[in-house]
Amino acid sequence: MHIEVKGLSKSFGDFKAVQDVSFGIKKGHLIGLLGPSGGGKTSILRMLAGLEAPTAGDILFHGKRVNDLPPQERGIGFVFQNYALFKHMTVFENVAFGLKVKKLPKDAIRERVQSLIELTGLKGFEHRYPAQLSGGQRQRVAFARALAPEPQLLLLDEPFAAIDAKIRSELRTWLKEMIERVGITSIFVTHDQDEAIEVADEIMIISKGRLEQKGTPWEIYKNPETQFVAEFIGESTTVDNVAALHGFEEAAAWTGTRGLIRPEYIEIGKPGEITLASATMRGVVRHIHFRGSEWMVELEIGDIRLITYRSLEKDVLKPGDPVDILIHRAYLFNESDSWIMENKLKVDPMPVII
Amino acid sequence: MRRLWIGLTYAVFALLIVVPLVKIATGSLEDGVSGLLDALLRPEALHALMMTGIIVVFVTLINTVFGVMLAIYLVRAAWLHPRIKGLLNSIVDLPYAVSPVIGGLMIVLLVGPDTALGALLEGAGIKIVYALPGMVIATLFVTFPLMVREVMPVLQEIGSQQEEAATMLGAYSWYTFWKVTWPSIRWGVIYGVVLTVARTLGEFGAVLVVSGNIMNLTQTATTLVYQDVENFNVVAANGVALVLAAFSVGLLLLMEWAKKRKEVH
């Protein structure tokens, strides 16, 4: 289903949960609504579902305004955070619920439920009650139940929040495959960036009720449009006095400009190890932490502190070791603007041609 | 020392509950089984028990329907301001705090024959005070919190997500209520019904004030016991009391069973 949202707002009393959010979603896409808890993601989802009435704005499905359409008529499947399975019904009855409401003939219901139970790998559990299932199985039942009436849009509210970390990644992959196979437009809410990056075709970052940025995970990582997005996605350190860093002196031209530097933008080496010596600056290792597959290194350049990662294959550094530090790029921002600046000294001013 | 306290506790329990019950049973059989039957088969006794029965049926039906509805609206209605909800919530408990006699008196003062409203209704042929409607209303006043208080916590505990899930699957409110909400609150409602029936059987103060206690007309089982005692007809009083006590014990057993089922679900 093609979805368009224009100027959507929702207030609860004085509290503005959602403010002027607009976006469009193409048919068949899997969208992740990502943002901190209490940022309005769930409110957007509930308004799309019709469980909450917008204070202002329009919701259009296939170009038709559906604001006044009751949730029963919208043709949307909804997977709730805690699954909200009907606990007095078996797995079969849960999945069949939406079909019984539609008054489908019994044979058709049985056929559809069986095929969904097979699709979701719940065969053999048809006659169990939700209380007798594991978290992952309940999640699958909720998914099958939502899909049963053949909705055109699937909404998932924190679908993995109640599942322990180990099964979570397995289930993520499963869900992504399942949604691709069914080919249904889907929107899911999460506060976990790894989850959003891994599962979603496109991410919408929501903070304080506003849509900060919409794009593919790679676009958002590469070109964050706001400071919030830059800080929220990936790891980073904010540097107040960014002009003090070698290669970023030009930043001083904009007063009040600060820099955001990701660990992966930084290259370090023992003195003399980095060939682009002119672009490097000397710093000191403050701490090192073993992170399983690499070292996390805390650096100090004057009063600026940065973090980066170093491969286990390279020489192990010790706290207090002097190191050469090359910062490839920084994400600069001030009150009014934000942009990405490359290290100006990386381009050798006096190339020696051999 | 500890044994003394345990012994004392059991003594109080026996003195307050077991001894009166035994006394009622033996008292009613003082003149043998035939004496008990005579007491119960008096026309006024049969009529009083019938009145009690009629009141139980009306009160239970009305209290169940409106109690469940009020519980749902108090818990689920998002359109009610939380402060209004809080106010309504406290008003529900009012009958617990107000004496039933005062509850009955309020009805007499509102729609009694001496009031404008009462006179108007009486002119239209509707008698409320000193008639069955007033007795039902008075008993409703007393029993109102019972159902609401049983169903509200269950509704709060199950939350609204299952109902919302049903909505998203295309079910409208009536279907959702019967297929999703009802199975969850069922045992709470049954528990509430049992409490309501028990309370209605035993209601005395409010009914006495409203009914006027007219023999063969507005007399209920409890007010008949009161009158029999006043007339020193102790055997008859014990007989009717025994019937009421037997019903109560039966209800208590039913209540225990319902409570267990409620905890399971």
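**Salt bridges, within and between chains**

Guide: Let's start with chain A, where buried residues make up 49% of the 354 residues. Keep in mind as we go that this is a predicted model. The secondary structure of chain A comes to eight helices and 19 strands, and its C-alpha trace spans about 80 × 45 × 45 Å along the principal axes. Chain B is built another way, with 13 helices and zero strands. Buried residues account for 44% of the 265 residues in chain B, and the C-alpha trace of chain B spans about 65 × 65 × 35 Å.

Now for your salt bridges. Side chains of opposite charge can pair when their charged atoms come close. Over all chains, the structure holds 22 of these salt bridges. We'll visit a few.

Begin with E164(B) and R46(A), whose side chains meet in a salt bridge with N to O at 2.6 Å. E164(B) sits in helix 9 (residues 161-168) of chain B and R46(A) sits in helix 1 (residues 41-49) of chain A, so this pair joins two chains. Are the two partners buried or exposed? Buried means under 20% relative accessible area. E164(B) has 14% relative accessibility, so it counts as buried. R46(A) is at 17%, so it counts as buried too.

Next, stay inside chain A and find R112(A), which forms a salt bridge with E150(A). Their closest N and O atoms are 3.8 Å apart. This pair links distant parts of the chain: R112(A) belongs to helix 3 (residues 106-119) of chain A, while E150(A) is in the loop between helix 4 and strand 7 (153-157) of chain A, 38 residues apart. The surroundings are another story here. R112(A) counts as partly exposed because its relative accessibility is 24%, and E150(A), at 58%, counts as exposed.

Two packed helices are described by the angle between their axes and the distance between the axes. Helix 2 (residues 91-101) of chain A packs with helix 4 (residues 135-147) of chain A at an angle of about 30°, and their axes are 7 Å apart. That angle makes helix 2 of chain A roughly parallel to helix 4 of chain A. The crossing between helix 2 and helix 4 of chain A is right-handed.

Back to the charges: E195(A) forms a salt bridge with R172(A), with the closest N and O atoms 4.0 Å apart. Here, too, the pair links distant parts of the chain, with E195(A) in helix 6 (residues 193-199) of chain A and R172(A) in helix 5 (residues 165-182) of chain A, 23 residues apart. E195(A) counts as buried because its relative accessibility is 3%, and R172(A) counts as buried at 8%.

One last stop, away from the charges. Chain B has a nonpolar surface patch of about 1,300 Å², made by residues including M1(B), W5(B), F13(B) and V22(B). Take F13(B), which is found in helix 1 (residues 2-28) of chain B. With 45% relative accessibility, F13(B) counts as partly exposed.

Note on methods: Residues numbered from 1 in each chain as written. Chains lettered and ligands numbered in written order. Predicted model: local features only at pLDDT ≥ 70, side-chain atom pairs only at ≥ 80, totals over all residues. Heavy atoms only, no water. Patch = residues over 30% accessible without salt bridge, like charges linked within 9 Å, V, L, I, M, F, W, Y side chains within 5 Å. Areas by Shrake-Rupley, 256 points an atom, 1.4 Å probe, with all protein chains shown as cover. Helix = DSSP H or I, 4+ residues; strand = E, 2+ residues; numbered from the N terminus. Buried < 20%, exposed > 50% of the residue type's maximum accessible area, 1.4 Å probe, protein only. Axes fitted to C-alpha atoms, helices over the stretch in contact; angles between N-to-C directions. Parallel < 35°, antiparallel > 145°, perpendicular 65-115°, else oblique. Left-handed = near helix turned anticlockwise from the far one by under 90°.
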